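Visitor: I am new to this structure. Please show me how to read its features, one at a time.

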Amino acid sequence: MSMQSGLVSSTSQLRAYAPTTDVSVAAPAPLLEVARAQPVTAPRNLRTEPGPIRFIIIALAIIFLSVFVVLPLVVVFASAFSKGIMAYFAALAEPEAMAAIKLTLLIAAISVTLNLVFGVIAAWAISKFEFTGKTFLITLIDLPFSVSPVISGLVFVLLFGAQGFFGTWLQAHNVHILFAVPGIALATIFVTFPFVARALIPLMQEQGTQEEEAAISLGASGLQTFFRVTLPNIKWGLLYGVLLCNARAMGEFGAVSVVSGHIRGETNTMPLLVEILYNEYQFVASFAIASLLAMLALITLVVKTILERRLDEAEVSDGD
């Protein structure tokens, strides 16, 4: 009772010395009515720009793409058909052009097949296992992205050329690497081998190892686990990497130019033949071959878009 009486007396003293003005935090009634009458506005979207700003940004993007992407493609096709469709197909039917097309397809098939096997194995090892040297392996996979293709071609010249490290042995056994199909294939494989692995590594890391572990615990072998569990999960990413690898293999110029020797009808791929024909003022033939490469690029772009959509759908379904 004494404590309660003390609190009451203290409270009465504080009220005696308090100012006479009303310090209540409650807002006056008129202000509350005005606040209730005002409509509640949605928060402003900070990414929304005024109409003129958006128009200028979109117009600049369209102009840039038109000048640096669309216009060159239009010029290539217009120059290729400048003398008519018969001249176009006649240029493609030349023995030298047919040899370049066949060699390009052969090199692309070799490099894509080998990079497919290497990419799957590398992605499997990096994403599913922990081992010493894993970071170093990833660095090696990324190496062709940072090395100029011309330098990579020069490396093969220093290895397999007449004065190279293996040159004497190769000449003694009559083995031809440079200025032949093997050298072109090696140079193309070097510049394209990151694509499949780099397309698969993040995808397989995101998927984890739970499904593979479950399959093995149920008695599945390693190959059964790969073909029935892992491969169906990575099929779209695998096709995406193969597509990019094939596009780079068909369009590679720098490394192939160093190791090919430019032997007409034998070691000239399509990009090399385009340069040779253009330097010889055979513009229709040059742009006809270039138009084939451009069509391959457009087809690659369409397929790439479809595969990216498939990948997004697969990620959404996995998340659900």
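Guide: Start with aromatic pairs. Rings of Phe, Tyr and Trp (its six-membered ring) pair if their centres lie within 6.5 Å; planes under 30 degrees apart count as stacked, over 60 as edge-to-face and the rest as tilted. A search of this whole structure gives 15 such pairs.

Visitor: What kind of aromatic pair do Trp-124 and Phe-226 form?

Guide: Trp-124 and Phe-226 are edge-to-face, with 5.8 Å centre to centre and 65° between the planes. The pair links distant parts of the chain. Trp-124 is in helix α5 (residues 95–128) and Phe-226 in helix α12 (residues 222–251), 102 residues apart. Helices (H or I, at least four residues) and strands (E, at least two) are DSSP runs, numbered from the N terminus.

Before we go on, a word on the source. This is a predicted model: local features need pLDDT of at least 70, side-chain atom pairs count only at pLDDT 80 or more, and totals for chains, interfaces and linings use all residues. Residues are numbered from 1 along each chain as its sequence is written, and side-chain values use heavy atoms, with hydrogens and water left out.

Visitor: Is Phe-226 buried or exposed?

Guide: Buried means under 20% relative accessible area, exposed over 50%, partly exposed in between (1.4 Å probe, protein chains only). Phe-226 has a relative accessible area of 17%, so Phe-226 is buried.

Visitor: How are the rings of Phe-156 and Phe-160 arranged?

Guide: Phe-156 and Phe-160 are stacked, with 6.3 Å centre to centre and 15° between the planes. Both lie in helix α7, four residues apart, which is about one turn of the helix. Phe-156 counts as buried because its relative accessibility is 12%. Phe-156 and Phe-160 also belong to one aromatic cluster, together with Phe-118, Phe-165, Phe-166, Phe-190 and Phe-193.

Visitor: Which residues does Leu-159 contact beyond its sequence neighbours?

Guide: Contact means heavy atoms within 4.5 Å. Leaving aside neighbours within four places in sequence, Leu-159 touches Gly-164, Phe-165, Phe-166 and Gly-167. Leu-159 is in helix α7. At 29% relative accessibility, Leu-159 is partly exposed. A C-alpha distance is another thing to read: Leu-159 and Ile-177 are 18 residues apart along the chain, and their C-alpha atoms are separated by 9.8 Å.

Visitor: And where is Ser-152?

Guide: Ser-152 is in helix α7, residues 149–160. Ser-152 counts as buried because its relative accessibility is 2%. With neighbours within four places in sequence left aside, the contacts of Ser-152 are Val-147, Phe-190, Val-191 and Ala-255.

Visitor: At what angle do helices α6 and α10 pack?

Guide: Two packed helices are described by the angle between their axes and the distance between the axes. Helix α6 (residues 134–146) and helix α10 (residues 194–207) pack at about 130°, with axes 9 Å apart. That makes α6 oblique to α10. Angles under 35 degrees count as roughly parallel, over 145 as roughly antiparallel, 65 to 115 as roughly perpendicular and the rest as oblique.

Visitor: Which residues meet there?

Guide: Ile-138, Ile-141, Asp-142, Pro-144 and Phe-145 in α6 meet Pro-194, Phe-195, Ala-197, Arg-198 and Ile-201 in α10.

Visitor: How many helices and strands does the protein chain have?

Guide: The chain has 15 helices and zero strands. Of its 320 residues, 30% count as buried.

Methods. Axes fitted to C-alpha atoms, helices over the stretch in contact; angles between N-to-C directions.
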